[in-house]
Amino acid sequence: MLDSSPLSSYQGKLILRVDTAPNTAQKYPNDYKAVSGDRTFSSSNPHWKPLGIRLAEIIVVLNPS
């Protein structure tokens, strides 16, 4: 969902993965499930707020096919 961001030219070449604070799945199971999985999620999704998310990994695809 980089369409309207300064990173839009990197669509398909840049992947940002996030992680949550420890024990978040137990503390906020509904919020955690709502933004879990290998999908694209908007940063404005309200389920992120209680999870204490942080950037865990940046993947740059140098030669996309």
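Reader: How many aromatic pairs does the structure hold?
Author: One aromatic pair. Rings of Phe, Tyr and Trp (its six-membered ring) pair if their centres lie within 6.5 Å; planes under 30 degrees apart count as stacked, over 60 as edge-to-face and the rest as tilted.

Reader: Which rings are in it, and why is the pair called edge-to-face?
Author: Phe-41 and Trp-48. Their ring centres are 5.9 Å apart and the planes sit at 90°, so the pair counts as edge-to-face.

Reader: Is Trp-48 buried or exposed?
Author: Trp-48 is buried, at 12% relative accessible area. Buried means under 20%, exposed means over 50%, and partly exposed is in between (1.4 Å probe, protein chains only).

Reader: Before we go on, what kind of model is this?
Author: A predicted one, where local features need pLDDT of at least 70, side-chain atom pairs count only at pLDDT 80 or more, and totals for chains, interfaces and linings use all residues. Residues are numbered from 1 along each chain as its sequence is written, and side-chain values use heavy atoms, with hydrogens and water left out.

Reader: OK, big picture. What does the secondary structure come to?
Author: Two helices and two strands, in the order β-α-α-β from the N terminus on. Helices (H or I, at least four residues) and strands (E, at least two) are DSSP runs, numbered from the N terminus.

Reader: What box do the C-alpha atoms fill?
Author: Roughly 40 × 20 × 15 Å, taken along the principal axes.

Reader: And how many residues are there, with what share buried?
Author: There are 65 residues in the protein, and buried ones make up 14% of them. The protein exposes about 5,300 Å², with carbon and sulfur atoms supplying 52% of that. Those areas come from the Shrake-Rupley method with a 1.4 Å probe; for residues, only the protein chains shown count as cover.

Reader: Switching to charges: how many salt bridges does a search of the whole structure find?
Author: One salt bridge. The term stands for a side-chain nitrogen of Lys or Arg within 4 Å of a carboxyl oxygen of Asp or Glu.

Reader: Which residue does Glu-57 form a salt bridge with?
Author: Arg-17, and the closest N and O atoms are 3.6 Å apart. The pair links distant parts of the chain: Arg-17 belongs to strand β1 (residues 14-19) and Glu-57 to strand β2, 40 residues apart.

Reader: How exposed are those two?
Author: Both are partly exposed: Glu-57 has a relative accessible area of 36%, and Arg-17 has 39%.

Reader: What else sits in strand β2?
Author: Ile-58 is one of its residues, and the strand covers residues 54-60. Leaving aside neighbours within four places in sequence, Ile-58 is in contact with Leu-14, Ile-15 and Leu-16. Contact means heavy atoms within 4.5 Å.

Reader: Where does Asp-31 lie, and what does it touch?
Author: Asp-31 lies in helix α2 (residues 29-34). Setting aside neighbours within four places in sequence, Asp-31 is in contact with His-47, Pro-50 and Leu-51.

Reader: Where is His-47 found?
Author: In the loop between α2 and β2. His-47 counts as partly exposed, at 28% relative accessibility. The C-alpha atoms of His-47 and Asn-30 are separated by 8.4 Å, although the two are 17 residues apart along the chain.

Reader: What about the loop between β1 and α1: is Thr-20 there buried or exposed?
Author: Thr-20 is buried, with a relative accessible area of 15%. Not counting residues up to four places away in sequence, Thr-20 touches Tyr-32, Leu-51, Gly-52, Ile-53 and Arg-54.

Reader: And what phi does Asn-23 have?
Author: A positive one, about 65°, although Asn-23 is not a glycine. Asn-23 also has its place in the loop between β1 and α1 (24-27), and is exposed at 51% relative accessible area.
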